[in-house]
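Here is a structure to read with some care. The questions that follow ask what lies behind the words used to describe it.

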Amino acid sequence: MIIRTSQVYMIMMFITSLANTTMFTTYAVYYITTLGLNPFELLMVGTVLEVTVLIFEGITGVVADTYSRRTSVILGMFVIGGAYMLEGSVPWLGSMSPLISLFIWLLFSEFIRGIGETFLSGAGTAWIVDEVGEENIGRIFMRAKRLSLIANLIGIVLSVGLCTLAPNLPYLVGGLLYLGLGAFLLLFMKETKFVRSERTAESSHWQNMRTTWVTGAKVVRGHPVLLMILVVTLFSGAASEGYDRLWEAYLIIDVGFPQGASLSMAMWFGLISVLSTSLSLFAVRIAEKRLDTGNERVVIVGMIMLTGLRIVALLSFALSPSFTWALSSLLAIGVIGSISGPMYDTWLNMNIESKVRATVLSMISQSDALGQSAGGPLIGWIGNRLSVRASLVVAAVLLSPILVVFGWELRKQAPNAKSNV
């Protein structure tokens, strides 16, 4: 049985989205009701994950560029699958080892997961870009996003059903999905375009990896856009962390749900997820047909517009006078993110050399992790001192430097566009 490279990538994105949605739709029920985590412990779980990513991201990215993107991806799938299985088994582990608290087991699981995430980060994208070519990757990313959204819809239903049986079941099933995907990739994932860096007889593995990292760092320093993206990613990471952690609390505390509707809080959040995913699926399908993602200038203009709309939508959400207003803003944020994600990945990969692609992407992920681990608590502190609304406004403001970066890049391309007329 022969499966095309693009099909393997689509299956990989579908299964990972299905597994993640299955686990994370109801993760709060597991963390709070079963494991009994308090707000500080919830924050520590995220901090351990982001710090682990920050530490290991550069190392694993270099492994992917030095030896094999395929090996890095498959290893990441098995490590993450094992981590999620461990996380779902925390209640049983706690009963078997009473000297180690459930919280310590959970932190250890997130530490292992963080290492696995770094093996995936950059490597999967670098692999598919090399295999299909930069001129085709925009269309591939858009299609993969559409399939991921379909997987999200299935995952929402699966998560609620499994959580009803047992709160830890979504994690066990999600872990099995990752392990199964690792086995599938072991059989069907091919790597035909990757060129391993040359290694002399005298050079060690560490020297070879160091050479790859230094080359990637030189690429970033020599490419002003990539250097600016690293800085901007710090701010966007902090903004996303603030929004991702606070939007539910904002709806519950500041906005409130309609009193007349006979829906529980969990049902409201499930409904919001379904609406957001369905609208995003429709929007991505239109973008996939209408946008020429192979044209870098079109991608940059699109990113400027989407970033501006995202800032407006986030400010609208932060200043919502009613639930209907807040819901409309939330749905807009979801749709904008679904379209801008693939476009941003397309533009980024157009500006990275193949031989250090995974390394540079890992550096950018490190910058994002640093922004989340450092900026997230700052936005949370603003929420405690002032209000959740103030935190969300700050998150929106932190996105504004992205407009400067894309505007600068668009102006830089203007002379080339004119010369081609």
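**Reading a helical model**

The protein chain has 17 helices and zero strands, and the model is a predicted one. Of the 421 residues of the chain, 52% count as buried, and the accessible surface comes to about 19,200 Å², of which 67% belongs to carbon and sulfur atoms. Among contacts between residues at least 6 apart in sequence, 85% join residues at least 24 apart.

Q: Why is S109 called buried?
A: The word buried is used for a relative accessible area under 20%. S109, which lies in helix α6 (residues 102-120), has 0% relative accessibility, and therefore it counts as buried.

Q: What does S109 touch, once residues up to four places away in sequence are left out?
A: S109 touches A83, L86, E87 and V90.

Q: How do you know that the span of α6 is close to the expected one?
A: The expected span is 1.5 Å times one less than the number of residues in the helix. Helix α6 has 19 residues and reaches 27 Å from its first C-alpha to its last, which is close to the 27 Å expected. The helix is followed by G122, whose phi is positive, near 85 degrees.

Q: What makes R113 and E110 a salt bridge?
A: Side chains of opposite charge can pair when their charged atoms come close. The cut-off for a salt bridge is a side-chain nitrogen of Lys or Arg within 4 Å of a carboxyl oxygen of Asp or Glu. In R113 and E110 the closest N and O atoms are 3.2 Å apart, so the pair falls within the 4 Å limit. Both residues lie in helix α6, three residues apart, or about one turn of the helix.

Q: Why are E117 and R113 separated by about one helical turn, and what is the distance between their closest N and O atoms?
A: E117 and R113 are four residues apart in helix α6, and therefore about one helical turn separates them. Their closest N and O atoms are 3.4 Å apart, and the two residues form a salt bridge. Taken together, E110, R113 and E117 are linked in a network of salt bridges.

Q: How do you know that the salt bridge of D130 with R69 links distant parts of the chain?
A: A search of the whole structure finds three salt bridges, and one of them joins D130 with R69, the closest N and O atoms being 2.5 Å apart. The pair links distant parts of the chain, with D130 in helix α7 (residues 123-132) and R69 in helix α4 (residues 69-88), 61 residues apart. At 14% relative accessibility D130 counts as buried, and R69 counts as buried at 1%.

Q: Why is S338 called buried, and what lies around it?
A: S338 has 6% relative accessibility and therefore counts as buried, the limit being under 20%. S338 is found in helix α14 (residues 323-350), and, leaving aside residues up to four places away in sequence, it touches K145, L149, S280 and V284. A polar atom of the S338 side chain lies 3.0 Å from the backbone oxygen of G334.

Q: What makes L370 partly exposed, and which patch does L370 belong to?
A: L370 has a relative accessible area of 36%, so it is partly exposed. L370 is found in helix α15 (residues 357-385). Together with L234 and F235, L370 forms a nonpolar patch on the surface, with about 220 Å² of accessible area for the three together.

Q: Why is G270 called partly exposed?
A: G270 has a relative accessible area of 22%, and therefore it is partly exposed, as buried would need a value under 20%. G270 lies in helix α12 (residues 265-290). The C-alpha atoms of G270 and I156 are separated by 7.3 Å, although the two residues are 114 residues apart along the chain.

Methods
Residues are numbered from 1 along each chain as its sequence is written. This is a predicted model: local features need pLDDT of at least 70, side-chain atom pairs count only at pLDDT 80 or more; totals for chains, interfaces and linings use all residues. Side-chain values use heavy atoms; hydrogens and water are left out. Patches are made of residues with over 30% relative accessible area and no salt bridge: like charges are joined within 9 Å, nonpolar side chains (Val, Leu, Ile, Met, Phe, Trp, Tyr) within 5 Å. Accessible areas come from the Shrake-Rupley method with a 1.4 Å probe; for residues, only the protein chains shown count as cover. Helices (H or I, at least four residues) and strands (E, at least two) are DSSP runs, numbered from the N terminus. Buried means under 20% relative accessible area, exposed over 50%, partly exposed in between (1.4 Å probe, protein chains only). Contact means heavy atoms within 4.5 Å. A polar contact is a pair of N or O atoms within 3.5 Å; within protein, one must be able to donate a hydrogen and the other to accept it, and residues adjacent in sequence count only if both atoms are side-chain atoms.
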